[in-house]
Amino acid sequence: MTIAHFPAALRAAWELLIDHPKLGGTAASEEALKQAPEAVMWSFPTLGLGLGLVLALAGALFHQILPHIGAMVLFALLVLGLLEWKDSGRSLALTASLFELKFAGVPWRTAFAQMAPEWSSLRGNTSNLVVLGVILLKLAALAVIFHAGASWFLAPVLIMNFTGQGALAMERSMLDGVAILPVKRRARGQIWILCGFFLCFFFILAPVAVLVSFGAGFVGIWLARTFCETNFDGVDANIISLAGSWLELLTLFCGLIFLI
């Protein structure tokens, strides 16, 4: 593995984050997976940090050039749009589909297996209420974060989202038993070490919010992995997307609670 592998590794990780079902959509990504899967693994929290800092700078700019209320509303709407755009809204559709199935009386195990990322699969009022609830919660959290002058908190939000997806991508697939991201088991903990290292820079700004986010996220991914191994003998692209989006929502909720 060399420095030359990292651009391709970043691209391979981004391909998974924005649109599943598999890595290696390009020759460069396939080469990165073969030659340096660990670099692809490290790319997940790195991308979260980079994108989060870009949004933090945008928030600081909004503070300077726009009236506070207008800036807060516009910033929340733009960031919400970006969060949903990055995976074409599939994670929000998966959340709505899951709860629609559950409220229709489908057991959790079956609901996780049958949930669909296509908006056209959503039929009932339950899915509409779930979508509205998630959007309102995210808007409220983003507005509070901006109002508190803590646009930097979007970096931990995206670090946790991307790290969670990367961690689950290293687990075996329920379809063929082969991990989407083939990293040796003894090296898989490095993604959480790098995640924790990045979060240390933000810990001094909001220690409780960052610590609770990291702890809850780590436990949440462990529970998701255990649930999938027990019930499905692996993970799939839908579960990876869903877990990342729920970690994002959880971290935003921590910001809503602890940054007020």
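This is a predicted model: local features need pLDDT of at least 70, side-chain atom pairs count only at pLDDT 80 or more; totals for chains, interfaces and linings use all residues.
Let's start just after helix α5, where G105 takes a positive phi of about 95°.

**Helix α5 and its surroundings**

Helix α5 covers residues 90-103, 14 residues in all. From its first C-alpha to its last, α5 reaches 20 Å, close to the 20 Å expected at 1.5 Å a residue. How much of α5 is covered? Mostly, it is: eleven of the 14 residues are buried. The buried set includes R90 and E100, along with S91, T95 and S97. Leucines are there too, among them L92, L94, L98 and L101. The cover over these buried residues includes α4 (68-85), α6 (108-114), α7 (125-147) and α11.

**Nonpolar cores**

Three of the residues buried in α5, L94, L98 and L101, turn up again as contacts of M115. Leaving aside residues up to four places away in sequence, M115 also touches S97, N238, I239 and L242. M115 belongs to the largest nonpolar core, which has 76 residues, and is listed with F44, F153, L181 and L252 as touching the most other members. Which helix gives the most to this core? That is α8 (residues 154-169), with ten residues. Another core lies apart from it, with six residues, including L122, V130, V131 and V134.

Helix α3 (residues 37-65) holds S43. Is S43 buried or exposed? S43 counts as buried because its relative accessible area is 1%, and the cut-off for buried is under 20%. Its contacts, not counting residues up to four places away in sequence, are A9, L10 and A13.

**The largest pocket**

Now for some open space: the largest pocket holds about 320 Å³. Two elements give two or more residues each to its lining, namely α10 (207-231) and α11 (237-258). What classes of residue make up the lining? The table gives the count for each.

| Class in the lining of the largest pocket | Number of residues |
|---|---|
| Nonpolar | twelve residues |
| Polar | one residue |
| Charged | no residues |

How values were computed: Residues are numbered from 1 along each chain as its sequence is written. Side-chain values use heavy atoms; hydrogens and water are left out. On a 1 Å grid over the protein atoms alone, a cavity is a set of points where a 1.4 Å probe fits but cannot get out, and a pocket is an open set with protein on both sides within 12 Å along at least five of seven lines; lining residues have an atom within 4 Å of a point. Grid points are joined across faces, edges and corners, and a volume is the space filled by probe spheres set on the points. Helices (H or I, at least four residues) and strands (E, at least two) are DSSP runs, numbered from the N terminus. Ala, Val, Leu, Ile, Met, Phe, Trp, Tyr, Cys and Pro count as nonpolar, Asp, Glu, Lys and Arg as charged, and the others, Gly among them, as polar. Buried means under 20% relative accessible area, exposed over 50%, partly exposed in between (1.4 Å probe, protein chains only). Contact means heavy atoms within 4.5 Å. A nonpolar core is a set of buried Ala, Val, Leu, Ile, Met, Phe, Trp, Tyr and Cys residues joined through side-chain atoms within 4.5 Å. The expected span of a helix is 1.5 Å times one less than its number of residues.
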